[in-house]
Amino acid sequence: MSKEMLNALDTLEAEKGVSKEIVIEALEAALVSAYKRHYGQSQNVEVEFNEKKGDIHVYAVKEVTEEVMDSQLEVSLKDAMEINPAYEIGDTIRFEVTPKDFGRIAAQTAKQVILQRVREAERSIIYNEYSAYEKDIMQGVVERQDNRYIYVNLGKIEAVLSKQDQMPNEHYKPHDRIKVYVSRVENTSKGPQVFVSRSHPDLLRRLFEQEIPEVYDGIVEIVSIAREAGDRAKVAVRSTDPNIDPVGTCVGPKGQRVQAIVNELKGENMDIVEWNEDPAVFIANSLNPAQVEDVIFDIDNPKVCTVVVPDYQLSLAIGKRGQNARLAAKLTAHKIDIKSESDMEEFYANYDESEIEEIDPSAEEEIEETTPEMTEEVENDASVQDEE
């Protein structure tokens, strides 16, 4: 068994990257437990594995005492001095108690420990490999589906695609090849677990990086994304190079670049708008394709604004089921209230009338009556000062 054991440890270290010392430490701890199961004693038992020969020895560790109360745990000073005259009270002595049939038990235990370590090593390798892809995009193959998840084969592991991470306009079938966003990787007791998504906004970001070299190189930067997966998305971009048009770069010649992304997302509509440091300009751009006449910010809350659009553009600005306005609000992180020009004119008209205060005629008379008295008092005060 010794030769087989050493070969197994060397193979485990070479192929799986598991340190031989770690396996031996785990093996010794497991053999102590095995000894207790078979012989009912492990309180003072130590197991030693010889790395050169592969031999296993079991020792009972006993304390030297004047009077022995428990022979399994203690040895008398007289008996200890017969072994070595240098022993004193309080010292510990190891007595080999390796059972004759312990080799069979050790072999079974060693096999279990090695298999366990192999599984742990494989899990660790897989976790380290796929955790490097966290927040990134991967291509996988749909394997199967149950009530909770769609399972996507990523090579060495099956990732799970939950219902909320699926696109509502997609139907997944076995052997379909899809690109997924690795949202998180967890190292659970059952092994690594990879969670992927098709609805995450950052899937769009990674697709832009794949299809558009300027985005990948950082020349064109994606500032924010607002997405309703499978239906429509808005992407705000800006350029770090004044000579490069960020929107035109992302759209590409004849729309080829953005069309490749739309095709990957099964026809999801895409609005690419230019980011601007002026919030009013950015909000106006975000409501594309609607035309914006004015953006009025709330004095008390700069994150709240009213957008004025021509009457015939109101429905376009709001969008179907309010989608255009909703995505623009997410994209700009502002609360947007859209009003038509006629609504604003009516509002200002009502506002101006409410601000006009009528003066009571009786109040005017009181002012006129009090004015001469006040003048007379001032004149009297001046004459007194002159006399002085």
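Trainee: Which residue lies over the face of Phe 95, and how do I read that?

Mentor: A charge counts as sitting over a ring if NZ of Lys or CZ of Arg is within 6 Å of the ring centre and within 35 degrees of the ring normal. Here Lys 62 lies over the face of Phe 95, at 5.3 Å from the ring centre. Another case is Arg 94, which lies over the face of Tyr 59 at 4.1 Å from the ring centre. Before we go on: this is a predicted model, where local features need pLDDT of at least 70 and side-chain atom pairs count only at pLDDT 80 or more, while totals for chains, interfaces and linings use all residues. Residues are numbered from 1 along each chain as its sequence is written, and side-chain values use heavy atoms, with hydrogens and water left out.

Trainee: How many aromatic pairs does the structure hold?

Mentor: There are 3 aromatic pairs. Rings of Phe, Tyr and Trp (its six-membered ring) pair if their centres lie within 6.5 Å; planes under 30 degrees apart are stacked, over 60 edge-to-face, and the rest tilted. Take Tyr 130 and Tyr 133: the ring centres are 6.3 Å apart and the planes stand at 45°, so this pair is tilted.

Trainee: Is Tyr 130 buried or exposed?

Mentor: Buried means under 20% relative accessible area, exposed over 50%, and partly exposed in between (1.4 Å probe, protein chains only). Tyr 130 has 3% relative accessibility, so it counts as buried. For the protein chain as a whole, 37% of the 388 residues count as buried.

Trainee: How many helices and strands are there in the protein chain?

Mentor: The chain has 13 helices and 15 strands. Helices (H or I, at least four residues) and strands (E, at least two) are DSSP runs, numbered from the N terminus.

Trainee: Which strands make up the closed barrel?

Mentor: Two strands pair if DSSP finds at least two bridges between them. The closed barrel has 5 strands, running E5-E6-E7-E9-E8 with mixed pairing. From one strand to the next, the twist averages 50°. Axes are lines fitted to C-alpha atoms, for helices over the stretch in contact, and angles run from 0 to 180 degrees between N-to-C directions.

Trainee: How many bridges link E5 and E6?

Mentor: E5 (residues 137-145) and E6 (residues 149-153) pair antiparallel over 4 bridges. These two strands form a hairpin, with 3 residues between them. Look for Val 142, which stands opposite Val 152 in E6, and for Arg 144, whose bridge partner is Tyr 151. E5 also runs antiparallel to E8, joined by 5 bridges, and Ile 137 stands opposite Tyr 181 in E8.

Trainee: Which helix lies across E5, E8 and E9?

Mentor: That is H5 (residues 201-211), which runs at about 125° to E8 (177-188).

Trainee: What does the open sheet look like in strand order?

Mentor: It has 3 strands in the order E13-E14-E15, with mixed pairing. E13 and E15 (335-340) are the edge strands, each pairing on one side only. The twist here averages 25° from one strand to the next. E13 pairs antiparallel with E14 (residues 304-309) over 4 bridges, and Val 295 has Val 307 in E14 as its bridge partner. Helix H9 lies across E13, E14 and E15, at about 125° to E13.

Trainee: At what angle do H9 and H11 pack?

Mentor: Two packed helices are described by the angle between their axes and the distance between the axes. H9 (residues 279-286) and H11 (residues 323-332) pack at about 145°, with axes 9 Å apart. Phe 282, Ile 283 and Ser 286 in H9 meet Ala 328, Leu 331 and Thr 332 in H11, where contact means heavy atoms within 4.5 Å.

Trainee: Where is there a cis peptide bond?

Mentor: Most residues other than glycine have a negative phi, and most peptide bonds are trans. The cis bond joins Asn 288 and Pro 289, with omega about 15°. Pro 289 sits in the loop between H9 and E13 (294-297).

Trainee: What is the phi of Lys 135?

Mentor: Lys 135 has a positive phi of about 70°, although it is not a glycine. Lys 135 is in the loop between H4 (102-131) and E5, and is partly exposed, with a relative accessible area of 43%. Lys 266 also has a positive phi, near 55°. Find Lys 266 in the loop between H8 (256-264) and E12 (269-274); at 49% relative accessibility, Lys 266 counts as partly exposed.
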